[in-house]
Amino acid sequence: MAYKVQQVLWQEACEQLKTLRKAVYVLEWQLPETTEFDELDSQAAHVLLFCDQNTPIATGRLTPSGELGRIAVLPGHRTLAVYKLLFAALLKQAESQNLKQIQLQSELTSVEYHRAKGFEPVGKAFMEAGIPMQKMVCNRQNFDFPDVRHIH
């Protein structure tokens, strides 16, 4: 299947971004909508991935501080190829912004997995939407594509 990757601004594509993220986080994962959208959306670089029919199937964002997040891929499209395209576009954006480090928020159950991928915990664990999380960081050049099982 052929995919199209597009860098977008929140102000231009917020409806498509919201639709994807609501489908994954609010409807599928049953997380509160109030925790899904924040002030960083308008500041972040966003990526949209489209399938053959020009239908948006995936998104992710990169905040100005270098945090990768809000990765939302619709069920039926959660393949390694889709995740690699999505992360490659986000990493390209990080490189264009000359960001030296990549950050992410990991569920506590995935901290050891991310350590093995070169990430180190930063700060204390915290709760987000009722889920125990840990902020983690690694050098952008050492970033290794994550295992899909640790994302969805």
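N98 sits in the loop between α3 (80–96) and β5 (101–107). Its phi is near 55°, a positive value in a residue other than glycine. The model is predicted: local features need pLDDT of at least 70, side-chain atom pairs count only at pLDDT 80 or more, and totals for chains, interfaces and linings use all residues. Residues are numbered from 1 along each chain as its sequence is written, and side-chain values use heavy atoms, with hydrogens and water left out.

**Overall build**

- The protein chain has four helices and seven strands; helices (H or I, at least four residues) and strands (E, at least two) are DSSP runs, numbered from the N terminus.
- From the N terminus on, the order is β-α-α-β-β-β-α-β-α-β-β.
- The radius of gyration is 15 Å, close to the 15 Å that the globule rule gives for 152 residues, so the chain is as compact as a globular protein of that length. This radius is taken over C-alpha atoms, and the rule is 2.2 Å times the number of residues to the power 0.38.
- Along the principal axes, the C-alpha atoms fill a box of roughly 40 × 35 × 30 Å.
- Buried residues make up 45% of the 152 residues. Buried means under 20% relative accessible area, exposed over 50%, and partly exposed in between (1.4 Å probe, protein chains only).
- Accessible surface comes to about 8000 Å², of which 52% belongs to carbon and sulfur atoms; areas come from the Shrake-Rupley method with a 1.4 Å probe, and for residues only the protein chains shown count as cover.
- Among contacts between residues at least 6 apart in sequence, 63% join residues at least 24 apart. Contact means heavy atoms within 4.5 Å.

**The four-stranded sheet**

- Four strands form an open antiparallel sheet in the order β1-β2-β3-β4. Two strands pair if DSSP finds at least two bridges between them.
- β1 and β4 (68–73) stand at the edges with a single partner strand each, so one side of each lacks a neighbour in the sheet.
- Direction ignored, neighbouring strands of this sheet are turned by 15° against each other on average.
- Five bridges join β1 (residues 4–8) to β2; Q6 has L48 as its bridge partner in β2.
- Six bridges join β2 to β3 (residues 56–62), where A58 is the bridge partner of L49.
- Four bridges join β3 to β4, and T59 stands opposite A72 in β4.

- Six of the six residues of β2 (residues 45–50) are buried.
- A45, V47 and L49 point one way; H46, L48 and F50 point the other way.
- Helix α1 (residues 10–28) lies across β1, β2, β3 and β4, at about 65° to β2.
- α3 also lies across β1, β2, β3 and β4, running at about 35° to β3. Axes are lines fitted to C-alpha atoms, for helices over the stretch in contact, and angles run from 0 to 180 degrees between N-to-C directions.

**Turns and loops**

- β2 and β3 form a hairpin with five residues between them, and N54 in the turn has a positive phi of about 60°.
- A129 lies in the loop between β6 (120–128) and β7 (131–139). Its phi is positive, about 55°, although it is not a glycine. A129 counts as partly exposed, at 31% relative accessibility.

**D41**

- D41 lies in the loop between α2 (33–36) and β2. At 1% relative accessibility, D41 counts as buried.
- Its side chain makes a polar contact with the side chain of R21 (2.8 Å). A polar contact is a pair of N or O atoms within 3.5 Å; within protein, one must be able to donate a hydrogen and the other to accept it, and residues adjacent in sequence count only if both atoms are side-chain atoms.
- Not counting residues up to four places away in sequence, D41 touches W10, R21, E36, H46 and R61.
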